[in-house]
Amino acid sequence: VLLKSREREVEVLLSTDHTITNNYPDKFGNLPKDAELKVYNAPTGIPNGWIGVAPGPKTLETICKRVKDCYLLILAGPISIEDEKVEEHSNTNKKLIEAIKEAKNKGAVTIGAGGDTAALIKKWNGENAFTIISNAGGATLELIEKDGKLPGIEALEESYTHGQK
């Protein structure tokens, strides 16, 4: 994946740190009340008995910086679990939606794709950060992909390139 992305001049962001917990969330993404949260300051090797539940602060900062400078963003799923305690600890969704809103205000096309994504956007009052919000994540992704090609993306890139000239 990294080699293919490099060939296509596509940047892949990798985590440099993680928000971790010592308890597993339930099927709704909620942690038990006694769950501990902390930042693990390494890209790999989360300690046994702990799991990653959100990006760490350095990783989130990198993500938000790139988001603010994008011209097309498709958010197809949350980047953290849906636990209030995790959000209080990391501010992941608040910071991500603020970054997306900034990108949209600069002219980016911002798309929220999928039911979980739409629920996250609504939960964190992020409706005004998105150009389009769709409950149909798979259908949204199919809209931009056909026969293994991405004509929707190609059209957006072409229009962006022509707009730069």
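What follows is a conversation about the sheets, a cavity and the confidence of this predicted model.

Student: How do you know that β4 and β5 pair?

Tutor: Two strands pair if there are at least two bridges between them. Here 4 bridges join β4 to strand β5 (residues 109–113), so the pair meets that cut-off. One of the contacts to look for is L72, whose bridge partner in β5 is V109. The two strands run parallel.

Student: Why is the pairing of β1 and β3 called antiparallel?

Tutor: Strand β1 (residues 18–21) and β3 run antiparallel, and 4 bridges join them. The cut-off is at least two bridges, so they count as paired. In β3, I51 is the bridge partner of T21. These strands belong to an open sheet of 3 strands, ordered β2-β1-β3, with antiparallel pairing. The edge strands are β2 and β3 (51–55), each pairing on one side only. From one strand to the next, the twist averages 40°.

Student: What holds paired strands together in general?

Tutor: Strands of a sheet pair through backbone hydrogen bonds, either parallel or antiparallel.

Student: What makes a space in this model a cavity?

Tutor: A 1.4 Å probe fits there but cannot get out. With a threshold of 30 Å³ or more, the count is 1 cavity. The largest cavity has a volume of about 40 Å³. Its lining consists of S80, I81, E82, D83, V86, E87, N93, K123 and W124.

Student: How is that lining divided by class?

Tutor: The largest cavity is lined by 3 nonpolar, 2 polar and 4 charged residues. Asp, Glu, Lys and Arg count as charged, so D83 and K123 are among the charged ones.

Student: How do you know which elements have the lowest and highest confidence?

Tutor: Compare the mean pLDDT of the elements: helix α7 (residues 151–164) has the lowest, 63, and strand β2 (residues 37–40) the highest, 98. For the protein the mean pLDDT is 88, and 86% of its residues reach 70 or more.

Definitions and conventions: Residues are numbered from 1 along each chain as its sequence is written. This is a predicted model: local features need pLDDT of at least 70, side-chain atom pairs count only at pLDDT 80 or more; totals for chains, interfaces and linings use all residues. Side-chain values use heavy atoms; hydrogens and water are left out. On a 1 Å grid over the protein atoms alone, a cavity is a set of points where a 1.4 Å probe fits but cannot get out, and a pocket is an open set with protein on both sides within 12 Å along at least five of seven lines; lining residues have an atom within 4 Å of a point. Grid points are joined across faces, edges and corners, and a volume is the space filled by probe spheres set on the points. pLDDT is the predictor's confidence in each residue, from 0 to 100. Axes are lines fitted to C-alpha atoms, for helices over the stretch in contact, and angles run from 0 to 180 degrees between N-to-C directions.
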